[in-house]
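Thanks for coming. I will take a few minutes to go through one model, and you can follow along on the screen.

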Amino acid sequence: MRHRIGAVYVILICAAARAESRVPSSESRPNGPLVSTFSIVARDPSNGDLGVAVQSKFPNVRVAVPYARAGVGAVATQSFSNSDFGTKGLQLLELGARPQEVLSIIGRDDKDLDDRQVGIVDASGRSATFTGKKCFDWAGGRTGENYAIQGNILVSEATVAAMEKAFLATRGSLADRLLAAIKAGAEAGGDRRGRQSAALLVVRKGASYDGKTDAYIDISVYDAKDPIAEIFRLYELQKIHFERSDPKDLIAIADEDAKYLQRLLAKKGFHKGRTDGVWDEASTSALADYMGWENYDTRIRRDGKIDRKILELIRQKEGSF
């Protein structure tokens with residue numbers, strides 16, 4: 001098995017060397033983008049989710065740093081960002097290479113390796129991080145089972161230390177833990193030039209909106225005064241509009257809630273039936289139409305129940321009448 005994989009490595013390396021799209025060296029491209037930032041790549045051992053969270057004093061960091069593929073791994077490429085670490089790195093992981101082997105293979109033919117920084121985690125939780133000798137201080141990283149953390153142009157090492165502590169201490173989904181890590185990093189100093197953009201990418205097999213791709217969560221803050229606060233706000237919207245209801249949050253539509261919803265639906269033109277609080281099939285159908293109109297698609301139900309969180313949001317938005 002190892003010999004077969006090794007042969008494929010050679011093919012990929014040769015192809016990478018010949019490719020016209022290869023990132024130019026710093027000599028031919030002295031003003032290339034330096035994606036100076038801090039990031040975490042990680043895996044959730046409970047369900048196999050893989051993801052990346054990143055924050056930077058660089059606009060639209062989503063297009064440069066995070067890469068992930070369900071069942072394969074996640075990569076963050078930064079400093080003098082090199083997309084080969086993302087695309088070909090994931091190919092090598094899929095072929096069976098360990099994260100440290102990926103770093104060695106991809107970096108072997110990279111003339112600008114000393115300007116690079118990269119973190120990798122695979123679907124088994126193995127991890128690696130690399131910081132080139134020419135990355136601006138403070139620059140470095142930390143690894144452990146299921147995570148790799150790295151940053152450059154940081155105020156101090158306290159940023160990555162705080163990220164590691166927060167990631168390990170936080171309970172919840174992988175997205176919750178990744179966001180806790182970059183928030184802690186920012187609060188511990190972060191990028192010494194300031195803040196501008198952030199991104200969160202989590203992949204899970206068939207977990208997209210329509211179930212046809214693996215893009216479970218993909219949030220980008222292009223440019224903001226406080227990208228950390230903004231990405232948390234967007235994450236809350238993500239949960240509302242893309243996640244399904246927790247069974248614990250479901251309540252029967254009855255009494256004053258039923259009257260409120262029926263009158264609202266009538267006012268909005270979705271319902272021409274009863275408004276006395278007796279919930280019927282016509283009311284259920286009208287509510288489904290309204291919720292689709294308001295982009296609560298994943299929360300629509302036809303069993304006479306509603307998510308209490310969605311009901312609260314509806315009341316906040318529509319008010320009393």
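I will start with the overall figures, then take some backbone details, and end with the pockets and a cavity.

This is a predicted model, so to speak of local features I need pLDDT of at least 70, and side-chain atom pairs count only at pLDDT 80 or more, while totals for chains, interfaces and linings use all residues. Residues are numbered from 1 along each chain as its sequence is written, and side-chain values use heavy atoms, with hydrogens and water left out.

The protein chain has nine helices and 13 strands; helices (H or I, at least four residues) and strands (E, at least two) are DSSP runs, numbered from the N terminus. Of its 321 residues, 49% count as buried, where buried means under 20% relative accessible area, exposed over 50%, and partly exposed in between, with a 1.4 Å probe and protein chains only. Among contacts with a separation of 6 or more, 57% join residues 24 or more positions apart; a contact means heavy atoms within 4.5 Å.

Now the backbone. Most residues other than glycine have a negative phi, and most peptide bonds are trans. Where does this chain depart from that? The peptide bond from Asp 137 to Trp 138 is cis, with omega near -15 degrees. Trp 138 is in the loop between β7 (127-131) and β8 (140-144).

Asn 60 has a positive phi, near 50 degrees, and lies in the loop between β3 (50-56) and β4 (66-69). Asp 255 also has a positive phi, near 55 degrees, and is found in helix α7, residues 255-267. Asp 255 is at 60%, so it counts as exposed.

Next, a hairpin. Strand β6 (residues 116-122) and β7 pair in the antiparallel sense over five bridges; two strands pair if DSSP finds at least two bridges between them. Ile 120 stands opposite Ala 128 in β7. Four residues separate the two strands, and Gly 125 in the turn has a positive phi of about 90 degrees.

Now the spaces. On a 1 Å grid over the protein atoms alone, a cavity is a set of points where a 1.4 Å probe fits but cannot get out; a pocket is an open set with protein on both sides within 12 Å along at least five of seven lines, and lining residues have an atom within 4 Å of a point. Grid points are joined across faces, edges and corners, and a volume is the space filled by probe spheres set on the points.

The largest pocket holds about 290 Å³. Its lining includes Tyr 209, Tyr 216, Asp 218, Phe 242 and Arg 244. β11 (215-221) and α6 (227-242) each give two or more residues to that lining, and β11 gives the most, with four.

The second largest pocket holds about 240 Å³. Of its 15 lining residues, Glu 236, Lys 239, Ile 240, Arg 299 and Lys 309 lie nearest its centre. α9 gives the most to this lining, with five residues.

Finally, there are two cavities of 30 Å³ or more.
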